[in-house]
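I have opened a new page in my notebook for this structure.

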Amino acid sequence: MDPERRELAPGIEANPEVVSGAPVLQGTRIPVWAVLRAVADLGDIEEAARAYEVPPERIRQALYYAADLLEGIHIGILE
């Protein structure tokens, strides 16, 4: 295992040597941000999975990871 590689969530990893350390689908160079855009542009998980030639579960892992990140952001509007 590469000592620089860090698993961030199930199926998501980061490595400074891969895509400048951006979170990617594990074992690929597909950034999570690109997966989110693909789902938005193509309309669904199945289409994004076909576009990247990965199983739909891999796309879901990216969506869950992004949702978990956003869930933790609080900008103080209600404080």
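This is a predicted model: local features need pLDDT of at least 70, side-chain atom pairs count only at pLDDT 80 or more; totals for chains, interfaces and linings use all residues.

**Entry 1: a bridge to begin with**

Residues are numbered from 1 along each chain as its sequence is written, and side-chain values use heavy atoms, with hydrogens and water left out.

**Entry 2: the overall layout**

I then stepped back to list the elements. The protein has three helices and three strands; these are DSSP runs, numbered from the N terminus, with helices being H or I of at least four residues and strands E of at least two. I read their order from the N terminus as β-β-β-α-α-α.

I noted the span of the C-alpha trace along its principal axes as about 40 × 35 × 20 Å. The accessible surface is about 5,500 Å², and carbon and sulfur atoms hold 55% of that; such areas come from the Shrake-Rupley method with a 1.4 Å probe, and for residues only the protein chains shown count as cover. Of the 79 residues, 34% are buried. For this term I wrote down the cut-offs: buried is under 20% relative accessible area, exposed is over 50%, and partly exposed lies in between, with a 1.4 Å probe and protein chains only.

I also looked up contacts, which mean heavy atoms within 4.5 Å. Among contacts with a separation of 6 or more, 28% join residues 24 or more positions apart.

**Entry 3: the sheet**

In what order do the three strands of the open sheet stand? I found 1-2-3, with antiparallel pairing; two strands pair if DSSP finds at least two bridges between them.

Three bridges join strand 1 to strand 2, and Ala 9 has Ile 12 of strand 2 as its bridge partner. Strand 2 (residues 12–14) pairs with strand 3 over two bridges, again in the antiparallel sense.

**Entry 4: the hairpin turn**

Strand 1 and strand 2 make a hairpin with two residues between them. I checked both Pro 10 and Gly 11, which sit in that loop.

Are they buried or exposed? Pro 10 has 61% relative accessibility and so counts as exposed, while Gly 11, at 7%, counts as buried. Gly 11 also has a positive phi of about 80 degrees. Leaving out residues up to four places away in sequence, I saw Gly 11 touch Val 24, Leu 25, Gln 26, Arg 58 and Gln 61.

For Pro 10 I noted a C-alpha separation of 9.3 Å from Leu 25, 15 residues apart along the chain.

**Entry 5: back to Val 24**

Val 24 lies in strand 3. With 2% relative accessibility, Val 24 counts as buried. Beyond four places in sequence, its contacts include Gly 11, Ile 12, Val 19 and Ile 30. Its C-alpha atom is 9.0 Å from that of Ala 34, 10 residues along the chain.

How do helix 1 and helix 3 pack? Helix 1 (residues 32–42) meets helix 3 (residues 56–71) at about 105 degrees, with the axes 9 Å apart. They are therefore roughly perpendicular; angles under 35 degrees count as roughly parallel, over 145 as roughly antiparallel, 65 to 115 as roughly perpendicular and the rest as oblique.

On helix 1 the contact is made by Val 32, Val 35, Leu 36 and Val 39, and on helix 3 by Ile 59, Ala 62, Leu 63, Tyr 65 and Ala 66.

**Entry 6: two loop residues**

Last, I looked at positive phi in residues other than glycine. Ser 20 has phi near 55 degrees and sits in the loop between strand 2 and strand 3. Glu 53 also has phi near 55 degrees, in the loop between helix 2 (45–52) and helix 3. Ser 20 counts as exposed at 75% relative accessibility, and Glu 53 counts as exposed at 73%.

Definitions and conventions. Axes are lines fitted to C-alpha atoms, for helices over the stretch in contact, and angles run from 0 to 180 degrees between N-to-C directions.
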